[in-house]
Amino acid sequence: MPPATTAPQYAPPDGGWGWVVVFGAFISIGFSYAFPKAITVFFKEIQEIFHTSYSEIAWISSIMLAVMYAGGLGLAFNLQPALTMIGKYFYKKRPIANGLAMAGSPVFLSTLAPLNQFLFNAFGWKGSFLILGGLLLNCCVAGSLMRPVGPTPVPPVKKDVEKGAGDSALHMNNKKKSFWQTVNKYLDLSLFKHRGFLVYLSGNVIMFVGFFAPIVFLAPYAKHKGIDEYSAAFLLSILAFVDMFARPSMGLVANSKYIRPKIQYFFSFAVLYNGICHIMCPLAEDYTGLVVYAVLFGFAFGMVSSILFESLMDLVGAARFSSAVGLVTIVECCPVLLGPPLGGWLVDITGEYKYMYIVCGSIVIVASIWLFIGNAINYRLLAKEKKLEEEKQKALKNADPKEAEPLTNNENEEAANRADKVLSDSSERETNI
């Protein structure tokens, strides 16, 4: 079992061009996370135009988020590279850098939500999407700011395979190995044997079932209560504004000497706080109550988002983070896909939003409890394994100091001289014979 935090193979600059990369990640992550949420202001009108149910309209955001998490299309090319590059450029300041980059989501959401309502009233939903597509092209500029860090890799030297009997079988064997090596290069499947990774992954799968539905239905919920369209869209801006400050501030807290050694507990608490906010949402009877909910939810959402990937990197290390985030997002795409439509289905059968918020909050609270218990067990086992390793090294050192310590240069030279003397004596005996 590897330690909870491992240093990368080469020293990241922890600054310099890395802050330019953070700015590029700020734009990429901002569009990736904010776009599927910001278009929810269209849902009530699109629902009336196409005569769809709540569960059907929820598929728009859920499919977009799920495909983004699974990789290969559209926003996925923004999200995964941006997250990976931050880990390449930062180690000591990584929580702060992650918090600043993840703050792109609320900044863009606070701008896009009211902008979308204005565009819809001026150009309709079709014209609005054309304009938003043009805005998304700015991600190309953000991507151009990200460049590799570290030594340039040396291309492998090709060697001819020896000819002879069994050459065909050897060639097929090498081909098979290269295929699995290629798979493991991008998706390290050995992570499924990593105890901390499995705790994180299982907890997130539970959490994401109820994580996105409350924000997807926030603006429609407000309109359902008779609140005007601009005030309903402004709730997303309030949520995003609070989220904007919560992410970097919580990144600073997570980077403190008191929190970072046990950052998994901090992540578990952030998930718990989210669940409590959703359960309390039905207590809001008017617009003021929804504003209070948006403030509390914005802070809770910012807490989770600021350390969502930092806690994963803390478990697996920067060297394996790229594979880990790929595996996590692929697995998480299923609950992300199903969560909002299930929430919409619950609204369809009950006719009320409050039951959806209560169920989503309960699911998120269950996820936090699972994470608390799993991380407590993992931390205890890690401490036990570390103690056993120290006792083993101490026992080896006491039994035979030379066995535990590497040979010095003088000892290496003496060993080499003894070996040369043995060889020369042997050759002299052969000559005499």
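Glu385 comes out as partly exposed, because its relative accessibility is 31%, between the under 20% that makes a residue buried and the over 50% that makes one exposed. This is a predicted model, so that goes for everything below too. Glu385 pairs up with Arg195 in a salt bridge, and their closest N and O atoms sit 3.3 Å apart. Since Glu385 belongs to helix H16 and Arg195 to helix H9, the pair ties together parts that are 190 residues apart in sequence. Arg195 is partly exposed as well, with a relative accessible area of 24%.

## The other salt bridges

How many salt bridges does the structure hold? The count is three. Besides Glu385 with Arg195, there is Asp243 with Arg247, where the closest N and O atoms are 2.7 Å apart. Asp243 and Arg247 are four residues apart in helix H12, which means about one helical turn separates them. Both of these residues are buried.

Then there is Arg260, whose side chain meets that of Glu310 in a salt bridge at 3.9 Å, N to O. Arg260 lies in the loop between H12 and H13 while Glu310 lies in helix H14, so this pair ties together parts that are 50 residues apart in sequence. Arg260 and Glu310 are both buried.

## Helix H13 and what covers it

Helix H13 takes in residues 263-280, 18 residues in total. From first C-alpha to last, H13 reaches 26 Å, close to the 26 Å expected at 1.5 Å a residue.

Which residues of H13 are buried? The list runs Ile263, Gln264, Phe266, Phe267, Ser268, Ala270, Val271, Asn274, Gly275, Cys277 and His278. As for what covers these buried residues, the cover includes helix H9 (195-209), helix H10 (213-216) and helix H12 (229-254). Helix H14 (287-316) and helix H16 (354-399) are also part of that cover. Some of these helices have turned up already: H9 and H16 carry Arg195 and Glu385, and H14 carries Glu310.

## Ser110 in helix H6

Over in helix H6 (residues 104-136) you'll find Ser110. Is Ser110 buried or exposed? Ser110 counts as buried because its relative accessibility is 18%, and the cut-off for buried is under 20%.

What does Ser110 touch? Leaving out residues up to four places away in sequence, Ser110 touches Ser237, Ala240, Phe241 and Met244.

Definitions and conventions:
Residues are numbered from 1 along each chain as its sequence is written. This is a predicted model: local features need pLDDT of at least 70, side-chain atom pairs count only at pLDDT 80 or more; totals for chains, interfaces and linings use all residues. Side-chain values use heavy atoms; hydrogens and water are left out. Helices (H or I, at least four residues) and strands (E, at least two) are DSSP runs, numbered from the N terminus. Buried means under 20% relative accessible area, exposed over 50%, partly exposed in between (1.4 Å probe, protein chains only). Contact means heavy atoms within 4.5 Å. The expected span of a helix is 1.5 Å times one less than its number of residues. A salt bridge is a side-chain nitrogen of Lys or Arg within 4 Å of a carboxyl oxygen of Asp or Glu.
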